Amino acid sequence: MNLKPFITLLAMTSAVSAAWAQDTSNITISGFGTAALTRSNTSDAEFARPNQLAGVTSGAKTGVDSNLGLQVTAKMNDWLSFTGQGLVRKNVTDNFGAELAWAFAKAKVSESLNIRVGRIGLPVYMISDYRNVGYANTMLRPPVEMYAQVTLESLDGADLLYQTSLGDTNITAQVAYGVTDSENRSNFTAKFKKVSSINIVAENGPFTFRFGRVDANVTVDNSTNLNTLVSGLSKFGFVSGANAIAVNDTKASFTSVGLGVDWKSMVVQAEYGKRKSASLSIADTTSWYTMFGYRMGSFLPYFVHASATQDSPRTVAGLPTAGPLLPYTLGANGLASASPIQTSNSIGVRWDFHKSAALKLQLDRMSPENGPGVFINAKPGFKGPVTVFAAAVDFVF
């Protein structure tokens with residue numbers, strides 16, 4: 001385990017704290033982290049979070065569920081502030097690396113309206129703003145069946161946040177627009193242009209309702225595999241097949257709804273989402289999960305069921321089924337069928353043993369179908385179900 005990024009981030013925390021020791025009235029420094037061990041009961045495939053290059057098998061490792069974050073907000077006056085958030089985790093590469101998650105200026109236009117400009121969080125999911133803050137979540141990790149559908153977490157652009165009340169219901173509306181790039185563990189970069197999003201949250205007593213939608217134009221132009229297949233199919237006259245898998249200014253969207261309940265001792269969280277695109281390489285999918293928990297003092301046991309299915313064809317029509325061009329067909333069908341199909345059942349418990357720290361244990365029973373599901377680097381013949389176990393300490397400071 002490479003500790004250098006963690007040491008660097010801790011050093012940043014100490015330096016900033018020392019620099020503002022004389023006057024901290026306008027500076028807010030906070031942090032969060034998760035120290036976790038994760039393992040599975042198979043050596044035939046690796047379990048990883050979305051977009052991680054490597055995961056875990058039957059030997060316990062720290063990299064899948066561990067992270068460390070630091071956030072600094074500087075309030076310049078009554079209407080202007082600046083916020084930056086750094087995050088250390090394993091993402092795309094198999095080493096811990098530091099990334100700039102947020103970096104934006106926020107202007108308070110009125111008591112109800114705020115404008116942010118810079119690198120801001122993209123509200124794809126119900127818990128997008130705090131998906132990396134384990135302490136803020138009941139579960140040890142968000143269900144991968146749902147959260148693998150769109151791996152974008154931020155965009156470079158601007159958003160508007162409007163808050164109002166209708167009787168006893170508090171409503172928050174957010175619209176955003178910008179661009180972003182996403183590096184993929186398969187060694188290519190997806191470029192997202194004209195990214196627009198809308199996020200509406202209504203809170204009434206113990207109930208939270210959410211609607212969200214993200215639209216974007218996606219281009220992948222540096223994937224050797226995709227470029228070879230598209231050019232080869234076009235060269236040999238299968239233009240419709242090439243166009244079906246090409247990702248060139250392709251329109252894509254993700255629409256989701258969510259429900260949260262925190263009533264007396266009962267905790268419920270659920271999301272349902274549909275991904276759509278004009279390319280078979282970005283499959284149309286349906287994903288959802290439901291979590292039920294019951295708080296007993298400082299303990300919160302919970303159960304989660306999650307599912308991900310594919311709605312678009314898993315083969316490309318009109319391509320040869322034999323002969324010298326068969327490898328092109330197999331490659332195109334591989335792209336069309338790459339989206340995970342899987343269900344899982346999870347049980348876990350959260351123990352708030354400290355005012356700013358919680359211990360979590362979680363056991364997942366994952367059942368991939370028609371392929372490896374969310375598992376990566378699978379050996380030939382791999383199939384589920386697979387049991388994944390993780391223990392973590394989430395903390396904030």
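1. Start with Gly 258: its bridge partner in β11 is Glu 271. The strands here, β10 (residues 250-263) and β11 (residues 266-277), pair in the antiparallel sense over 12 bridges. Strands are DSSP runs of E, at least two residues, numbered from the N terminus, and two of them pair if DSSP finds at least two bridges between them.

2. A quick caveat: this is a predicted model, with local features needing pLDDT of at least 70 and side-chain atom pairs counting only at pLDDT 80 or more, while totals for chains, interfaces and linings use all residues. Residues are numbered from 1 along each chain as its sequence is written, and side-chain values use heavy atoms, leaving out hydrogens and water.

3. Back to the hairpin: 2 residues sit between β10 and β11, and Lys 264 in the turn has a positive phi of about 55°. On β11 there is also antiparallel pairing with β12 (residues 285-294), over 10 bridges; Tyr 272 has Trp 288 as its bridge partner in β12.

4. Now the cores, meaning sets of buried Ala, Val, Leu, Ile, Met, Phe, Trp, Tyr and Cys residues joined through side-chain atoms within 4.5 Å. Buried is under 20% relative accessible area, exposed over 50%, partly exposed in between (1.4 Å probe, protein chains only). The largest nonpolar core has 53 residues, and Ile 245 and Val 316 have the most contacts inside it. A second, separate core of 11 residues includes Phe 47 and Phe 375.

5. Have a look at Thr 180 in β7 (residues 169-184). Thr 180 is buried, at 11% relative accessible area, and its side chain reaches the backbone oxygen of Ser 154 at 3.3 Å.

Notes. Helix = DSSP H or I, 4+ residues; strand = E, 2+ residues; numbered from the N terminus. Polar contact = N/O pair within 3.5 Å; in protein donor to acceptor, adjacent residues only side chain to side chain.
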